[in-house]
Amino acid sequence: MQSKRIVITDVGTISSLGTGFESLNEAMTRTPQKSTVKDYDFHQLENDIECYSIKDYDPVQILGKKGLRNKDFSTKILLGTIQTGFAEILSNTDEHDKPGISVGTAFGSIQSIGDFLSDSIISGVNSVNPQLFANTVINSPTGNANIRFNSKNLSSTIASGFNAGIDSLIYSYNYLRKNYIQNIIAGGLEEISYYALLGLLRSGMLSNSGDPRPFAADANGVIMGEACALFLMESEESARERGANIIAEIAGTASSFDPQTAQNGKSDGESGAFAIKTALEEAEIDADAIDFIASGANGNPKCDKFEAAAIKKVMDTKTPVTAYKMFTGECYGASGAMNVACALSDLKNKKISGKAKPYQTIDDIPLVFEPQYKESTYALVTSFSCEGNCSVVILKNVN
């Protein structure tokens, strides 16, 4: 029987921080650069909205022209991330041994859905390109990736809202531990879309100051981002057999649901604390073994208070807490996976990233405002959403 230890052996990312895992370390030393969005093909927002959008990504340069004409931006981001992050294993294995693919997303194809319907209303149903209908299915990016890279062992799309990216890792972790498959490319994907932005704007979740400030006592909302972050996950035995470089071990995972947050936006943090405790038990470590916490805080006051309460119930009050969304924005279903990628980068580069002017935090959470340089073994990555979902992954640095 294969080892039950599940490891990460490759990482691929495309985000506002650049293309490729190696780009993260340097990018997180810079002041985050925001851009604005307003005009889309069929709709326009009333005002420019600040966001962290993907720049300087040319899918044709990475993927070539063939097969891209009718693919939407989400699919192009996913294909580019796979191509730049996992080309070696995909090209050097036959179809029976290729990794499965599992992608988490919150809104998935909502831009394609909305545009397809808008085009039919504005131009008439007879003018709509029927080939674009395929983009309106939420698992379209994953399916297109399976086809392009001839991956037939697993095609999974996890649609669990804002936690989807990290939930895809937890799903794949459990799938691998059951020995159903040898390896999986898993993670999260999300694009900035007019329809998602409009919904978040009307719900009052977007920052009206353009300053997200995670865990701030006076935070007033989030700044949206977009990203794709993927990880090659496999058993330690599989990685050793093929001589792969092991980046980190997934030492523990857990998920829970908080009905108080879902019903009235108020919570004592108990459900989140339960998820953290369960992951620590699975990793067989105590809370004081965690070197830093990669939080999911984003500047949404209700979510941040919920997460702060959970952290305070379990963790040492001196454990450093970072919030990578100060660099990436709130990337919907991709955020959990993107936080894992940033945490891995910090583990490997012996630091804890931060880049913000100090401010008062909720419950005096020890947020990292400027980089701290230290060697770490364990990082706790959390993803707590406004829907009440709580997901946790513990990463163990492998030297």
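**Notes on cysteines, strands and rings**

1. Let's start with a cysteine: cysteine 390 is buried, with a relative accessible area of 0%. Buried here is under 20% relative accessible area, exposed is over 50%, and partly exposed is in between, with a 1.4 Å probe and protein chains only. Keep in mind that this is a predicted model, where local features need pLDDT of at least 70 and side-chain atom pairs count only at pLDDT 80 or more, while totals for chains, interfaces and linings use all residues. Residues are numbered from 1 along each chain as its sequence is written, and side-chain values use heavy atoms, leaving out hydrogens and water.

2. How many disulfides does a search of the whole structure find? The search gives 0, a disulfide being a pair of cysteine sulfur atoms within 2.5 Å. The sulfur of cysteine 303 has its closest cysteine sulfur in cysteine 386, but at 4.5 Å that is too far for a bond. For cysteine 390, the nearest cysteine sulfur belongs to cysteine 303 and is 10 Å away. Cysteine 303 is also buried, at 7% relative accessibility.

3. Now the strands. An open, mixed sheet is built from 3 strands in the order S3-S4-S8. Strands (E, at least two residues) and helices (H or I, at least four) are DSSP runs numbered from the N terminus, and two strands pair if DSSP finds at least two bridges between them. S3 (35–39) and S8 (224–225) are at the edges with a single partner strand each, so one side of each has no neighbour in the sheet. S4 (residues 44–52) pairs with S8 in the parallel sense over 2 bridges, and tyrosine 52 stands opposite glycine 225 in S8.

4. Helix H7 (residues 194–203) lies across S3, S4 and S8, at about 95° to S4. Axes are lines fitted to C-alpha atoms, for helices over the stretch in contact (heavy atoms within 4.5 Å); angles run from 0 to 180 degrees between N-to-C directions.

5. Elsewhere, strands S5 (residues 100–104) and S6 pair in the parallel sense over 4 bridges, with valine 103 opposite threonine 157 in S6. In S6 (residues 155–158), Ser156 and Ile158 make up the covered face, and Ser155 and Thr157 the uncovered one.

6. On to the rings. Arginine 213 has its charged end over the ring of tyrosine 359, 5.1 Å from the ring's centre; the cut-offs are NZ of Lys or CZ of Arg within 6 Å of the ring centre and within 35 degrees of the ring normal.
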